[in-house]
Amino acid sequence: MKLPKSLEKTLQDYSVGNIIFTTVADVHEDYVFANTYIVIAEDRLVIAAYPQNKVEYRLGGYDSEWQDEKAAHQDAAVRMYELAHVERLKVEREIGGGILFAEIDGKEILLCRFTNTRMDAFMRCTNIFDKIKKGEEITEDDLKGRKRECCPKCGSLYPDPERKVCPRCMDKRSIFIRLAGYLKSYKAALVGMFACYIATAMLNIAWPYLSGTVLYDKVLAKDAAFMELFHFPAGNYVLLLGMVVLTMIVTKIIIQVVGIIQGVFTARIAPDIMARMKNQVFDSMGRLSISFYNRRQTGGLMTRVADDAEEVTGFFIDGLPYFFINIGTIIATVVIMFSMNPLLAVISICLLPLLFIISFYMMPRLWHTYGKRHRANRSLNGQMNENFTGARVVKAFGQEKQELKRFAMRNNRVKDAELLVAKYDNRFYALFTGVENVADFLVWGTGAALILNSTGLELGILITFTGYVAQLKGPLDFMSRFIRWYTNAMNSAQRMFEIIDAQPEVKEKENPVILPEMKGEIELKNVTFGYEPHKPVLKNINFHIGAGEMLGIVGRSGAGKTTLVNLISRLYDAEEGEVLVDGVNVKELSFAQLRKSIAMVSQETYIFMGTVAENIAYARPDATRKEIIEAAVKASAHDFICKMPEGYDTVLGASGRSLSGGERQRISIARAILANPRILILDEATSAVDTETELAIQESLERLVKDRTTISIAHRLSTLRNADKLIVIDRGEVTESGTHRELIELKGTFHKLMELQTKALALKGIE
């Protein structure tokens with residue numbers, strides 16, 4: 001970072017050593033915007049606070065480039081501390097930012113305040129200082145860190161820092177081009193469709209000529225030359241009229257037949273394309289990390305897969321194909337109109353350029369209204385999903401009226417969004433209809449004046465011309481709908497592509513390591529992890545489990561126990577340190593081998609919609625019925641399954657609500673037994689069941705853990721007596737480790753928890 005000249009001079013005057021790291025805070029202690037520079041040199045810590053200056057601070061945060069040039073030459077209030085006397089730097093979070101403190105000679109001193117836009121820099125500052133004090137090497141990543149980049153056009157933060165796509169500034173045309181790329185596999189069908197478009201356009205152009213000029217100026221006017229042209233007997237105009245009417249009927253029939261053929265081609269292509277898009281969206285969701293689902297509502301994701309795909313499908317089937325027909329019809333009609341009467345042609349189309357200019361101007365606002373409607377629908381679907389899933393809780397607490405109020409509030413937002421869309425739809429419709437009617441009146445008025453003034457314009461030609469003007473109404477009405485359709489479809493397609501293009505936070509290596517045999521040895525080295533930046537849930541975790549051993553994890557609720565096992569199964573990646581399985585970092589292993597080798601039985605069991613057998617065989621769909629029954633027997637689930645109406649073929653409802661907690665848990669254990677993993681994770685597997693059921697499940701688990709590396713998280717500490725090793729986690733750190741006996745003798749946290757639990761169980765009459 002470039003320092004102000006006045007500060008550079010001060011550092012030189014005081015012979016400050018080589019500068020290692022600098023950053024700047026953006027508020028003073030009294031919460032006014034002003035710069036305070038923090039300089040970590042090899043011998044000193046320097047804090048330079050500059051006076052307040054008028055600086056524009058924008059979302060995303062801009063460094064000293066945005067400071068007032070005058071401030072760079074002002075004098076600062078400078079404090080210097082010998083680095084040897086500074087014991088620690090730490091950040092304390094506030095609602096809108098943080099405070100940097102220093103422990104100097106045993107005293108805590110406030111150095112500066114800063115907003116949340118500077119949080120990342122100050123967390124790096126404390127990390128670098130810790131490394132300096134420990135004598136560790138400082139890397140390039142430590143100095144630069146991760147910077148949230150902003151859109152260079154509008155200054156907004158990117159919703160997804162990995163993709164660097166700004167929804168506000170993105171090129172909407174590229175979405176259409178990408179959608180069109182799905183048509184490459186259907187070249188033959190597209191040729192047939194375009195042939196139908198051309199045929200339909202030509203027939204539509206011929207119809208006004210037949211119903212106007214031919215009918216009025218040739219047949220009804222009894223044009224002898226026209227009779228001779230087709231070699232009809234002289235004076236037999238009734239026969240000629242019959243032939244013209246028959247030709248008109250055949251023309252209409254051919255138009256309908258060609259339309260049906262074109263519809264068949266469209267029906268074959270569009271649903272297939274949309275099925276591919278839905279598969280891509282669903283597949284992309286399957287590849288994304290658990291953190292993606294934690295930040296989104298299920299109803300909103302379902303909207304993206306189903307509703308957005310339907311919007312795009314409708315555009316492809318009913319919109320895009322007819323766009324070419326109507327464009328061709330407009331162009332051909334205008335050409336014919338100019339060939340018939342240039343003056344009337346100019347009058348009839350003079351307002352079209354203005355029409356499209358206004359439409360182009362209105363499109364961005366229309367895009368915004370469709371996005372607003374989607375967000376309102378997504379919120380409504382999210383609440384409906386919550387209510388349907390949590391119906392028991394709603395009923396149990398009698399909150400039906402409260403949920404109805406919440407639903408009504410979101411439903412009103414959907415109503416308002418729909419009204420806003422309808423408002424803009426009506427504007428488009430009124431605009432296009434007005435232009436059509438004005439053009440129609442102008443042509444009739446001008447044509448009538450030309451006929452009355454004997455300029456040579458015939459009535460049949462005027463009727464034909466007005467027929468072509470009337471024929472423009474259909475394409476123009478379609479174009480007004482198409483603009484709205486296109487905007488809505490591209491809006492939906494953008495949301496689908498955002499999912500398709502999203503990159504998982506936990507990625508498999510390009511050429512992953514595949515172990516010849518997974519033994520199950522696990523080791524964590526200096527592991528630190530947090531779900532949010534700069535908020536570590538686990539800090540510097542270290543432990544080792546030999547293959548086939550059992551590790552028990554103990555700690556208060558929220559201490560980070562479940563987070564720890566999620567790192568081992570690589571549902572998340574550690575921010576710092578390494579998670580090793582058989583001596584190999586889990587980031588190097590293939591997903592297929594790692595997930596196949598690890599099975600988890602947690603307190604949150606999930607039962608899928610399907611039969612009992614299908615639920616047990618979820619991890620191994622190819623398992624035989626014999627293997628499924630053997631797994632159920634080992635899990636003590638066979639007896640209650642046999643009592644079901646159709647045994648293993650009994651269909652269970654969503655989430656297994658027809659089963660008790662213990663029954664769901666035993667099916668989950670049977671699922672893990674059938675998977676036959678090398679590493680087994682038991683995350684409070686018996687926490688939601690009664691004592692009798694717990695004893696039955698515990699027997700099942702004892703059979704399950706044999707010859708497997710096991711990590712067991714349990715609140716009932718007595719169930720961990722047989723563990724080879726125990727660790728106690730408190731506030732994200734391992735505070736105690738050892739065998740059950742060693743931890744009891746240590747008289748620490750584990751001993752206190754054991755005493756409290758023994759007393760609590762004694763009150764219930766349980767040993």
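Leaving aside its neighbours within four places in sequence, K587 is in contact (heavy atoms within 4.5 Å) with K509, R570, D573 and A574. The model is a predicted one, in which local features need pLDDT of at least 70 and side-chain atom pairs count only at pLDDT 80 or more, while totals for chains, interfaces and linings use all residues. Residues are numbered from 1 along each chain as its sequence is written, and side-chain values use heavy atoms, with hydrogens and water left out.

K587 is found in the loop between β12 (584-585) and α17 (591-597), where helices (H or I, at least four residues) and strands (E, at least two) are DSSP runs numbered from the N terminus. With a relative accessibility of 33%, K587 counts as partly exposed, a class that lies between buried, under 20% relative accessible area, and exposed, over 50%, for a 1.4 Å probe and protein chains only. The side chain of K587 reaches the backbone oxygen of A574 at 3.5 Å. K587 and V513 are 74 residues apart in sequence, yet their C-alpha atoms are 9.2 Å apart in space.

T528 lies in strand β8 (residues 522-529) and is buried, its relative accessible area being 14%.

From here the reader can turn to a sheet. Six strands form an open sheet with mixed pairing, in the order β13-β16-β17-β10-β18-β19, two strands being paired if DSSP finds at least two bridges between them. At the edges stand β13 (598-602) and β19 (733-738), each with a single partner strand, so one side of each is left without a neighbour in the sheet. From one strand to the next the twist averages 20°, where axes are lines fitted to C-alpha atoms, for helices over the stretch in contact, and angles run from 0 to 180 degrees between N-to-C directions.

Within this order, β10 (residues 550-555) pairs with β17 (residues 709-713) in the parallel sense over four bridges, and the partner of M550 in β17 is T710. Toward β18 (residues 725-730), β10 again runs parallel, joined by five bridges, with I729 of β18 as the bridge partner of G555. Between β18 and β19, by contrast, the five bridges join strands that run antiparallel, and L726 has G738 of β19 as its bridge partner.

In a regular strand the side chains alternate between the two faces of the sheet. In β10, M550, G552 and V554 point one way and L551, I553 and G555 the other way, and all are buried. Helix α21 (residues 661-675) lies across β13 and β16 (679-683), and runs at about 175° to β13.

An α-helix has 3.6 residues a turn, so residues three or four places apart point the same way. After α1 comes S15, with a positive phi near 55°.

Conventions. A polar contact is a pair of N or O atoms within 3.5 Å; within protein, one must be able to donate a hydrogen and the other to accept it, and residues adjacent in sequence count only if both atoms are side-chain atoms.
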